[in-house]
Amino acid sequence: MPKNTDKSRHAYHQSYEIIRDMILQGDIPRGTKIVEEKLAAELGVSRTPIRESIRKLEQEGLIAGKMVINPTEKDLRNTFQVRMLLEGHASRCAATYLPESELESLLECVRIGRTGEIEEIMQANEKFHEIIVQASNNSFMIDIIDRMHSIIYLFRRTVVYYNRPGLIDEHEQIYETIKARDGDQAEVLMKQHLQADLDFCLHLIC
């Protein structure tokens, strides 16, 4: 891949993450008009990665009509209800279709969750859920979950940074049921896991 393309993708990912975090942390308040030129100057990048970041954040529901829309408690609950249904189904699929190599990857995510540094745990948490979602082999479902990326990131950061009790134990239980090819129980445990995430996060951030 050409170096210019690498630099462009890096600028886009970096810009997206910074703007997303500024919105979720309230540094860019609800109702603020997004001005590409201003953000580009603040972040020291061209307007192109800013424009791409805004497009992605519009898909994820944090920006509409160039205005910031911080998610309300109802938005968070509604988003997670959809996520529970989709990832619950994906867990059932994983119990049937996930290959042994991916099972080992799930277990490695659990290991990192118990022993890693904060950023490593964040990445392992993301990968754990991503492996299970991909096991659905349903491109429509995967796309819907991708559009929830910012909200999911907010919850992931909260449960990891505030060390939600039982988080990694639940991952291990989900792994064990998928390994045992018990689709019914895998679906139940994933839904319970995400409900616990929701309850914990709403208590802290709403």
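This is a predicted model: local features need pLDDT of at least 70, side-chain atom pairs count only at pLDDT 80 or more; totals for chains, interfaces and linings use all residues.
How are helix 4 and helix 7 oriented to each other? They are oblique.

## Helix 4 against helix 7

Two packed helices are described by the angle between their axes and the distance between the axes. Helix 4 spans residues 73–97 and helix 7 spans residues 139–146. Their axes come within 11 Å and cross at roughly 140 degrees. An angle over 145 degrees would count as roughly antiparallel; at roughly 140 degrees, the pair is therefore oblique. The crossing of helix 4 and helix 7 is left-handed.

Helix 4 brings Val 82, Leu 86, Glu 87, His 89 and Ala 90 to the contact. Helix 7 answers with Met 141, Ile 144 and Ile 145. By class, the residues of this contact are six nonpolar, one polar and one charged.

## Helix 8 against helix 10

Helix 8 covers residues 149–161, and helix 10 covers residues 183–205. The two pack with axes 10 Å apart, at an angle of about 85 degrees. That angle makes helix 8 roughly perpendicular to helix 10.

On the helix 8 side, the contact uses Leu 154, Phe 155, Thr 158 and Val 159. On the helix 10 side, it uses Asp 197, Leu 198, Phe 200, Cys 201, Leu 204 and Ile 205. The contact of helix 8 with helix 10 has eight nonpolar residues, one polar and one charged.

## Cysteines

How many disulfides does a search of the whole structure find? The count is zero. A disulfide is a covalent bond between the sulfur atoms of two cysteines. For Cys 93, the closest cysteine sulfur belongs to Cys 109 and lies 19 Å away, too far for a bond. For Cys 109, the closest cysteine sulfur is in turn that of Cys 93, at 19 Å. Cys 93 counts as buried, with 11% relative accessibility. Cys 109 is also buried, at 5%.

Lys 66 is not a glycine, yet its phi is positive, at about 65 degrees. The residue sits in the loop between strand 1 (63–64) and strand 2 (67–68). Asn 163 also has a positive phi, near 55 degrees, and is a residue other than glycine. Its loop runs between helix 8 (149–161) and helix 9 (167–179).

Thr 177 lies in helix 9. At a relative accessible area of 11%, Thr 177 is buried. Leaving aside neighbours within four places in sequence, Thr 177 is in contact with Asp 182, Gln 185, Ala 186 and Leu 189.

Ser 105 belongs to helix 5, residues 100–115. Ser 105 counts as buried too, at 17% relative accessibility. Which residues does Ser 105 touch, not counting those up to four places away in sequence? They are Lys 127 and Ile 131.

## Accessibility side by side

| Residue | Relative accessibility | Class |
|---|---|---|
| Cys 93 | 11% | buried |
| Cys 109 | 5% | buried |
| Ser 105 | 17% | buried |
| Thr 177 | 11% | buried |

Definitions and conventions:
Residues are numbered from 1 along each chain as its sequence is written. Side-chain values use heavy atoms; hydrogens and water are left out. Axes are lines fitted to C-alpha atoms, for helices over the stretch in contact, and angles run from 0 to 180 degrees between N-to-C directions. Helices (H or I, at least four residues) and strands (E, at least two) are DSSP runs, numbered from the N terminus. Angles under 35 degrees count as roughly parallel, over 145 as roughly antiparallel, 65 to 115 as roughly perpendicular and the rest as oblique. A crossing is left-handed if the near helix is turned anticlockwise from the far one by less than a right angle, and right-handed if clockwise. Contact means heavy atoms within 4.5 Å. Ala, Val, Leu, Ile, Met, Phe, Trp, Tyr, Cys and Pro count as nonpolar, Asp, Glu, Lys and Arg as charged, and the others, Gly among them, as polar. A disulfide is a pair of cysteine sulfur atoms within 2.5 Å. Buried means under 20% relative accessible area, exposed over 50%, partly exposed in between (1.4 Å probe, protein chains only).
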